[in-house]
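These are my notebook entries on a single chain. I set down what I looked up, in the order in which I looked it up.

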Amino acid sequence: MVGIKEIAKKAGVSISTVSYALNGSPKVTEATRARIQAIADELDYVPNMAARTLKRQQTNIIGVYLADYGGSFYGELLDGIKKGLEAQNFEMIVCSGNKSHLFIPERMIDGAIVLDWTFKNKEIEQYADRGHFLVILDRLITHKNVRKVLLDNRGGATLAIEKAVACQTEKLYLITGPEKSYDGQERLSASIKELERFNIDHEIISGDFTEPSGYRAAKEIMVKEPTFPLDIFALNDEMAIGVYKYFKETPYEIGKEIRLIGFDNIDISAFIQPRLATISYSKHRWGMLAAEKIIQLITGEETEDDHIYTSFIDGSSFPENEQ
């Protein structure tokens, strides 16, 4: 790999001059900078990020950790994070998988935003103990180097159950998320609490927040030969879309024999027919707040935990019971 020594030799200048030129320093003229950059391009020079980090002790890059990139949920959230970081001259790198966790202790990033249920609490606490900064979106950890921006999952689930109660549901099927998902467990626990408060029968069907798991859950429900109207609360919209796909293959219709509520208000929810009743919140604001908190931690500014609140979006997928 070509280094700045080779560039300096070919340009006939010192190593420090090459460094100034490639880093945009005003210590060299524009003509010198352009000539050195041209030689660097000719030699296929690639900056050594690790070496630069060791020297500057800052990368201006934030790692955003996600369990996966599937579905249409993440786009708006990542856009909010990106815009929030750009405003402070930071960039983001989106990470998934255990090996990418090494970016934190190796200081290849200045901080991390975590929405990844596979990331263990103990690991996050260890990084925080070592002085690394993290913003978490999916769990409860209290530490001076950690800030939380949590979704009001319980409030959102309560809104969904209130809708079902108002529509005189007699039994509600709950399609769950992954067992280790903080958001999924919060939604499930709040739903059960509200259903028990109103003495409404319910049954839990396992899902994993993916569209195929929603399809499988709908199929499993129908094997039980349920009565109609059949009421379902899918704890995210991706699974609700899977329910739509299953019932497209049957004589039953969403919004008639099947009444369905989702959670997340992803873009497609507004365009499928009938329109999906769902729980909405600003994923863009969630991302912007996460970016704001991590920058404040890094710069030593005063910062507090925050919440993202929810609202109910009515849709004809869960109409009033006309019987």
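Which residue lies over the face of Tyr281? I found that Lys283 does, at 4.9 Å from the ring centre. I took a charge to sit over a ring if NZ of Lys or CZ of Arg is within 6 Å of the ring centre and within 35 degrees of the ring normal.

I record the basis of these entries here. The model is predicted, so I used local features only at pLDDT of at least 70 and side-chain atom pairs only at pLDDT 80 or more, while totals for chains, interfaces and linings use all residues. Residues are numbered from 1 along each chain as its sequence is written, and side-chain values use heavy atoms, with hydrogens and water left out.

Entry: aromatic pairs. I counted rings of Phe, Tyr and Trp (its six-membered ring) as paired if their centres lie within 6.5 Å, with planes under 30 degrees apart as stacked, over 60 as edge-to-face and the rest as tilted. The count by this rule is eight aromatic pairs. In one of them, the ring centres of Phe263 and Tyr281 are 6.4 Å apart and the planes stand at 50 degrees, so I noted the pair as tilted. This pair links distant parts of the chain, 18 residues apart: Phe263 is in the loop between strand 9 (258-261) and strand 10 (278-280), and Tyr281 in the loop between strand 10 and helix 11 (283-299). Helices (H or I, at least four residues) and strands (E, at least two) are DSSP runs, numbered from the N terminus.

I then followed Tyr281 to Trp286 and found an edge-to-face pair, 5.9 Å centre to centre with 85 degrees between the planes. Ring pairs link Phe73, Tyr74, Phe263, Tyr281 and Trp286 into a cluster. The charged end of Arg187 sits over the ring of Phe263, 3.8 Å from its centre.

Entry: accessibility. I used relative accessible area, with buried under 20%, exposed over 50% and partly exposed in between (1.4 Å probe, protein chains only). Phe263 has 0% relative accessibility and therefore counts as buried. Tyr281, at 6%, counts as buried, and Trp286 is buried too.

Entry: Lys224. I located Lys224 in the loop between helix 9 (211-223) and strand 8 (230-234). Its relative accessible area is 38%, so Lys224 is partly exposed. Neighbours within four places in sequence aside, Lys224 is in contact (heavy atoms within 4.5 Å) with Tyr173, Glu203 and Ile205.
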